[in-house]
Each structure stands twice: as C-alpha cells, then as structure tokens.
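Here's a quick briefing to read with the model open in your viewer.

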Amino acid sequence: MELQACLEQYLSKFGNDSWLPSDFGDEDENMRLFNGITDFIDDCFIYLTRSILSGEYIEFSDFESILKDFGDKLKGGDFYAPEVLYSDIPLEYKFKSKYNELNSSLFNALKYYQNFIEEAKNKFNINSSSEKFGVFQIRMGIPNNTLALFNKLTIPLCKCDYHLPTESRDFQNLLIIRNKLREEIANGDSLRLRNILSILLHKCNYIIQRVKSSSFESHINFETEIIDPSSLELGEYSHFAKREVQDKDTYLKDTNSDSKSISSFVYLMRYYKDNLVKPNDIKLMDKLIERYIKRYDSFKNRQVTADEAFKYKYDAFSWNSILNFLYNCRLSFYVKKCNPQIKRLKRDINKILEIQGSTSIKNFHPFEKGIEAIILCVKEHLNNNKFNDWLIEDKLDELGHLIEEYEKALEWSELHKFFPFQLPFEESRYYSENNDLNLFVPSAFAKHIDYKQQRDKLISFKKERDNLSFLFDLSKERRDIENIKETIKTTDKKAFDLIAIFTAAITFLFGTVNIFVVNDKTDLGQLLCNTTGLGIILVLFTSLYLLVSPVFIQRIDFIDYIRSKRFLFGLSGLGFYVALTFNLFNYTKTLESNVMKDKFLKKIELQIDSLKQEQKSMSLIINSRNKFDDKSVKK
C-alpha cells in the first residue's frame, strides 16, 4: 500500500526529534538534511498520487484508519520562514520551518484525500435524496511546494473519474491543469517526479478524449492551440479508451463460461443493440440477461467479510448498474426495432421499475425511451385521424406518468453523477509494468451524460405532452365535423336509394294492374309470367343502381369501394339475378310453347265441334226430307 509506505518512511525519518542534528556546525550535513526534507516532500506527493491513482482507498478496508492515524501524527507549527530570510535566522529555526512546511503540507494533502474519499462514497450512497455539503480545516500560510500539486492537480483529476467535466467552466479548469502539468514536467529536476507527472498528464488527456470527440481551440497566453483529442498521448491509459466490439464470439463464449468477469456482458449487449435488426433478435438479449442474472445471484449470495466493506459496496453498485444497463439496452432495441405496443411497453417499463426498486438505482434512460415511443405513436394516430378516444387518452396518461418518473430519475442521476454502467473494481484496473502501478478508472468505458441536454429534453417532453393534448382535442373536433359530413353524405345516398326503390316499386305495381282487371285476350298465367319478368327487371335495375351509385353519385374512391363488402355483395347479387333471368327466360319460352300447343288443340277441337255440328245439321235436313217424301207417297 502506497499510503502505508509513505507513513513508514515518515516515521523512520521524523518519528522523533532525533532527526535534528546535535551540532549545526557541519554545513554539508545541514545541507543534506535540509535537502532530505525537500526531497521527502516530493516523495510524499509521489506516494499519495500513486495511492489515489491505483484506487487504494477502495481496495483496502483499513485505508481510512491509516489515513486518519497518519494525519494525527503530523505535528505542525505556524512558523514558515521564507527562503529569502534563511540567511538571517538560526539554522535550528530553518530546519523547524522546513519541517513545519512538510507536516502542514502533508496534513493538508491528507485532508484533501479524506474529503475526496467522502465524495466518492456519496456516489455509492444511492439512497440519499439530497446533495451533501461539508467543510474541513487546513493549515494556512504554507510556502508553495510539490505537495501542493496533489491538492491542485491530482485530486481534481481523480474527481473527474466520478464527474466528467462536461460544463464549460469545469472543462476550462481541466485545460488549466493540463497546461500546469506540462510546465511542471518541463521544469522538473527529478526523474521520478517527471514520471508521475507524465502519468497525470496522460490521465488528463484521457479525460479530454472522453469529453470531446472533435478538435477545439485552446488559448495559452493569447496564443491559439488546436487540440485534437484523438491525437493526444494517453500512455497506459490507452487501455481504458473506448472499445469497439470486433469479435462478438469471444464475448459470447465468455458469457457462457464460468469466468468471473462481467464486462463481456456489457460489450455483447451493446453489440446486440447497435447491430441486430430483426424484431425476433430480442430473444438473444433475453438469453444474455438470463445468463447475467445467474452470475448476479451468485454475487449477491456470497459471504462478505469486514475487510472488504467499501470494495463490496463499490462492486455491488457495479453489478446493479450493469443489470439496469442490460434491461435498458433491451428496451431501446424493442422501441427502435419492434414497433412497440403500449401494453407491452408498459409491461417492460414496469419490469425495469421493479429492478430499479430492488437495486435502488433510478436511471432515467428507460423513461426517456418510453416517452419518445409514446409521443411518436400518438402523433401517427392523430395524423391518420383514425383513433379510439380511450386509446389516445390511455397513452397520454401513460406519457404524463413517464414524464414524472423521468424527472425524478433525472434528479437522482444528476445528484449521484450517475454513469450508464460501472464495471467492478478489479475490472476497472490495468497494471502498468513500466510504472509498477495498477491504474484505476471507475466507469472507464461508459459514455458521459450531458445533464444540461437532458434537462432541456425534459422541458421539450412537457411541451410535447401539452401539444399532443391540444392536438387530441382538436382532432376530436375535426373528426366530429367529418362525421357530420359523412352523415350528410349518407343521408343523400339513402335519399337516392329510396327514390330508386320507390320508382321500381311503383312501376311494378302498375305492371300488376293487368292481373286484376278483366282481360279476355291474355291468359292469366301469361300475365303472371310477364309481371314476374317485369319485377325481375326492376329488381335488377335497383341492384345495379345500388352497385354503381357509390362511385358515380356518392363519389367514393373506386379502390376503397372495390375492397368494401357492399361491392362484393352487389356483385354476387348481380350474378344471381343474371342466372335467375336466364332461367326465367327459358321457363318463359317453355310456357309460351305450351300455350301455343293449347291454342292449337283448342282450335282443332273447335273445328271438330264445328264439323260435328254441320254433320248433325245435315242429318236433320236429310231426316226432314225423308219424312216429307214419305208423306207424299201416301197421298
């Protein structure tokens, strides 16, 4: 442990007053001792910087107790002799002044370190609902030395691990730190000091690269410098640069193995979200989540020892954040690729709410995606002017609910400087052989969140909700007007239909008059047949009218009409009537033939009856004549 080594070095050099020379007459010895204090100030800066860069404050459970104990051992006075006065004061006071400078500088550095740890803990105190503030006491009037760089350079850089400098003022401070590091490296006499400052410069460049993706201008002494983040030297921090998934099979194999690493779940899920296109591919995400939950349960159920309290808290937060991240990626894919339905969307968001409740992580991302999906869906319904009132009202209610959840989650995320995900402690470190140091970067591979942009988006969502409510009311009124217009059209159509039917009925009634009047010339069956034919023709006319009137009278779109049931029914009816007319025509021909036969037979019968009558008349005449002849003979 770097802090422990620093404490041991301090105690071995200055553990008691015996470090002061008994005789100040040896100038070489005095100079060696004086320079030894100056060098130890540099050593303390190196020890503390290596300590914080490696994440010792998380790794070792007794770190804070050692830190506090170290601070308690630092005696200090308020006498700091400026170097320009060294020639005018006794040597003993020169040594004590430099010793006081060491103790006070080291005391302040440890206080800043302790405050940094408290701020880091607050990030993982996920149940807190308000921002915490505090002050701590430091010693004043200390001459400027190397240890002051720990407070001014190292601590601010390490704070960026938990809160990226996305605001203009914060980023400007980062550039000031970068320029100061470059100056210190250029002017440094000690190789060890230059090496540790170079590591800090690489870390600074890495932070710049995380915040900026394109070139920007930086002004130094009113001279412009163009900084291209992609060309900045990262040194060993290049290992933490953004990774692109090149071989998903490697990550897939790792997620199916017994490996304790969980970073593969993150990279594979990110690959799925960005590259899968088919809605059915969401099953691959579901299987990945199932495999993660098995490891997650195993982590939750393991025994936790007292010496890993902070580290376990850090890792637990990491496991919880990744669980949320996996479900959020799945929701993003579903919203983007699967044509989301409000019922299933609500079910998925409710599942994420359950996970947020169990993990105490209130990420705003799922609510943001749900809001965007509902807004798009409602707009499509209103633009098509085809919607159910209760369905739109349900979606608007859900939209209002999600906006409220989004606002609360956004406040929580900003308060805790939340990143989309965080890897466990061991997976957030990289061992640098060149420096014999484990470099630690929490949330190294997560994208930074621009909370100002998110707040602007919240305002936009609220305005969009109000606009959609107004458009919904307006669309209902427009739809009512359209319904009235359709009612008028329907009334006109019915009027035409009634006229056509009424005309056909009157014509048919007039056609049946011949049946009920005395008609000696036409047979009754023939009259019925003729009248039936007239009725069929009128029904056919009426059917044809009802079939073609939507196109030529009501001006209905022909394509829509062809697809309607009325067209199919009318076409079927027309076919039926054509077949019926053909059959009746044949029947009429047969009936007419039978009538002609009957007439012919009757005519023959009449002729026979006439001949019989004539024969009878002739018989009577002959009989009368015979009787007359008989009478004449008798006379």
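**Salt bridges and their surroundings**

Lys457 is partly exposed, with a relative accessible area of 23% (buried means under 20%, exposed over 50%, partly exposed in between, using a 1.4 Å probe and protein chains only). Keep in mind that this is a predicted model: local features need pLDDT of at least 70, side-chain atom pairs count only at pLDDT 80 or more, and totals for chains, interfaces and linings use all residues. Residues are numbered from 1 along each chain as its sequence is written, and side-chain values use heavy atoms, with hydrogens and water left out.

- Searching the whole structure turns up 29 salt bridges (a side-chain nitrogen of Lys or Arg within 4 Å of a carboxyl oxygen of Asp or Glu).
- Lys457 has a salt bridge to Glu372, with the closest N and O atoms 3.9 Å apart.
- That pair links distant parts of the chain, since Lys457 is in helix H16 (residues 451-511) and Glu372 in helix H14 (residues 365-384), 85 residues apart; helices here are DSSP runs (H or I, at least four residues) and strands likewise (E, at least two), numbered from the N terminus.
- Glu372 is partly exposed as well, at 29% relative accessible area.
- Within it, Arg330 pairs with Asp348 at 3.4 Å between the closest N and O atoms.
- Arg330 lies in helix H12 (residues 309-337) and Asp348 in helix H13 (residues 342-359), so this pair ties together parts 18 residues apart in sequence.
- Arg330 counts as buried at 11% relative accessibility, and Asp348 does too at 10%.
- Lys68 and Asp72 meet in a salt bridge of 3.5 Å, N to O; both sit in helix H4 (residues 63-72), four residues apart, about one turn of the helix.

**Cysteines**

- There are zero disulfides in the whole structure (a pair of cysteine sulfur atoms within 2.5 Å).
- Cys6 is in no disulfide, and its nearest cysteine sulfur, that of Cys44, is 3.8 Å away.
- Cys6 is buried at 0% relative accessibility.

**Hairpin and loop**

- Strands E1 (residues 216-220) and E2 (residues 223-227) run antiparallel and are joined by five bridges (strands pair if DSSP finds at least two bridges between them).
- Two residues separate the strands in this hairpin, and Asn221 takes a positive phi near 50 degrees.
- Phe136 is in the loop between helix H5 (91-124) and helix H6 (148-159).
- Setting aside residues up to four places away in sequence, Phe136 touches Lys111, Tyr112 and Asn115 (contact means heavy atoms within 4.5 Å).
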